[in-house]
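Subject: A structure for you to look at

Hi there,

Here is the structure I promised to pass on. Please open it and keep it beside you while you read the rest of this email.

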Amino acid sequence: MNQPFPHRTLRLPADLPLDSGRKLLRPVLAYETLGTLAPDGRNAILIFHALTGDQYVARDHPLTGRPGWWTRMVGEGRPIDPLRHFIICANVIGGCMGSEGPASINPKTGRPWAIDFPVITIADMVRAQVALLDALGIGQLLAVVGGSMGGMQALQFASANPGRARAVIAIATAARHSAQNIAFHEVGRQAIMADPDWCGGRFLEHGRVPAAGLAVARMAAHITYLSEAGLTERFGRRLQERESVSFGFDADFQVESYLRHQGMSFVRRFDANSYLVITRAMDYFDLAEPYGGSLAAAFRGASARFALISFDSDWLYPTSESKRIVQALVAAGAHASFVELSSPHGHDSFLLDSPELNRLVDGFLRAVEAA
């Protein structure tokens, strides 16, 4: 999945140590930049993407042809503006859009890594992106920004690299994965691995794709990104291009057709083994664990200004998770702001049109820039 497209890439100058005890030998990171770096370098913003995102935050996606995944937030006249900011967004290690991942060639075997790709963590992802910043000659950042898994990376960055960013914006996220979220991920992984076309993880060498399993994994996950109110408003119990139910197992309801479309379109742009690796990284995430379970200790020494934003209909990463982070930041003596926004769209609200979210992010960044 990496090879047909000329992603902008950089091979790190040194090996990347992993939390598992293994290391990646000078891995490749694919990344995109927008805007111009200021002479003092203080206008740089690093955006972290969510589970199914990539580096194409504001540019058209080379596989789908669709606009970048956060054009509502990033672009000229937007809160994160290439006319004001130098914007960096990298595909995480373990990904499938040019960065070192399961579909990449294992330098020791000359074959795709496949299931042999190391199990990674959110900390590993951030460590790789810090190495990218170093290789690009970028020191202190204006801000790190991310939603969902991107928010996890933003928090990890702030904890592991105090002083490296002046501001941290974490949206619709958590400081650890809950048992419920781990359970949903496990359903998706089992769907992939139960597909006979997964071939024990070596489907690329057999010219096959576990499309059915990956599509089901995406369908199950996508439900968690939505809310009951949003689903009811958008689909209700309306039938899909028919007058009455079929008394069969075709997509009778519009919501069924929508989920099937989401599943199959995902298969065309995402590697199944990358899905396994990245969901596992999220499951392992617990920012407080290395600090004896103290989340406040994880932020000790943090000098950045933090903005935590949640949505009232997000049941995947509910507001209580953001409040827990804010309480820990306050206990650590950090400067923290928190807002819960109202939206019917569930977890995906941060990716959808949200004027209030844009105003908050814009105002926060301008205040940090003026400080």
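Below is what was found in it, part by part.

First, some ground rules. This is a predicted model, in which local features need pLDDT of at least 70, side-chain atom pairs count only at pLDDT 80 or more, and totals for chains, interfaces and linings use all residues. Residues are numbered from 1 along each chain as its sequence is written, and side-chain values use heavy atoms, with hydrogens and water left out.

Let's start with strand 5, residues 44-48. Helices (H or I, at least four residues) and strands (E, at least two) are DSSP runs, numbered from the N terminus. Five of the five residues in strand 5 are buried, where buried means under 20% relative accessible area, exposed over 50% and partly exposed in between (1.4 Å probe, protein chains only). Ala44, Leu46 and Phe48 cover one side, while Ile45 and Ile47 cover the other.

Strand 5 also has partners; two strands pair if DSSP finds at least two bridges between them. It runs parallel to strand 6 (residues 86-90), joined by four bridges, and Ile47 has Cys89 as its bridge partner there.

Next, find His49 in the loop between strand 5 and strand 6. His49 is buried, with a relative accessible area of 1%. Leaving aside neighbours within four places in sequence, its contacts (heavy atoms within 4.5 Å) include Trp69, Asn91 and Met149.

Now for two helices. Helix 1 (residues 122-136) and helix 2 (residues 149-160) pack at an angle of about 70°, with their axes 9 Å apart. Axes are lines fitted to C-alpha atoms, for helices over the stretch in contact, and angles run from 0 to 180 degrees between N-to-C directions. So helix 1 is roughly perpendicular to helix 2, a term for angles of 65 to 115 degrees. Among the residues making the contact are Val126 and Leu133 of helix 1, and Met152 and Phe157 of helix 2.

Finally, Thr173 lies in the loop between strand 8 (165-171) and helix 3 (179-194). Thr173 is buried, with a relative accessible area of 1%. A polar atom of its side chain lies 2.8 Å from the backbone oxygen of Ser148, and the side chain of Thr173 also reaches the backbone nitrogen of Met152 at 3.2 Å.

Happy exploring!

How values were computed. A polar contact is a pair of N or O atoms within 3.5 Å; within protein, one must be able to donate a hydrogen and the other to accept it, and residues adjacent in sequence count only if both atoms are side-chain atoms. Angles under 35 degrees count as roughly parallel, over 145 as roughly antiparallel, 65 to 115 as roughly perpendicular and the rest as oblique.
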